[in-house]
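Biologist: Could you walk me through this one? I would like to talk about contacts and strands.

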Amino acid sequence: MSSDGSQRAVPYYCPFCGEEAFLRPHAGPETEDGEPASTHGQWECRACRRVFALKMIGLLGRVTQ
């Protein structure tokens, strides 16, 4: 990964069905002008046909045990 945080790790399996072989970045529908819609960070599982996004919310402010 780069130090500026622009590179993201890819998911290794679908969080819904567990499939590993059919994950692809989601292309999304086209907009009215024919351009693809913004789908940054979205993935599609072609096994269960779900589209999902992974998002980091933040870090815990307290120490967990």
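Modeller: A salt bridge here is a side-chain nitrogen of Lys or Arg within 4 Å of a carboxyl oxygen of Asp or Glu. This is a predicted model, where local features need pLDDT of at least 70, side-chain atom pairs count only at pLDDT 80 or more, and totals for chains, interfaces and linings use all residues. Residues are numbered from 1 along each chain as its sequence is written, and side-chain values use heavy atoms, leaving out hydrogens and water.

Biologist: Which residue forms a salt bridge with Arg46?

Modeller: The structure holds one salt bridge. Its closest N and O atoms are 3.0 Å apart, and the partner of Arg46 is Glu44.

Biologist: Is Glu44 buried or exposed?

Modeller: Buried means under 20% relative accessible area, exposed over 50% and partly exposed in between, using a 1.4 Å probe and protein chains only. Arg46 has 51%, so Arg46 is exposed. Glu44 has a relative accessibility of 16%, so Glu44 is buried.

Biologist: Which residue in the hairpin turn has a positive phi?

Modeller: Four residues lie between β2 and β3 in this hairpin. The phi in question is about 65°, and the residue is Arg49.

Definitions and conventions. Two strands pair if DSSP finds at least two bridges between them. Helices (H or I, at least four residues) and strands (E, at least two) are DSSP runs, numbered from the N terminus.
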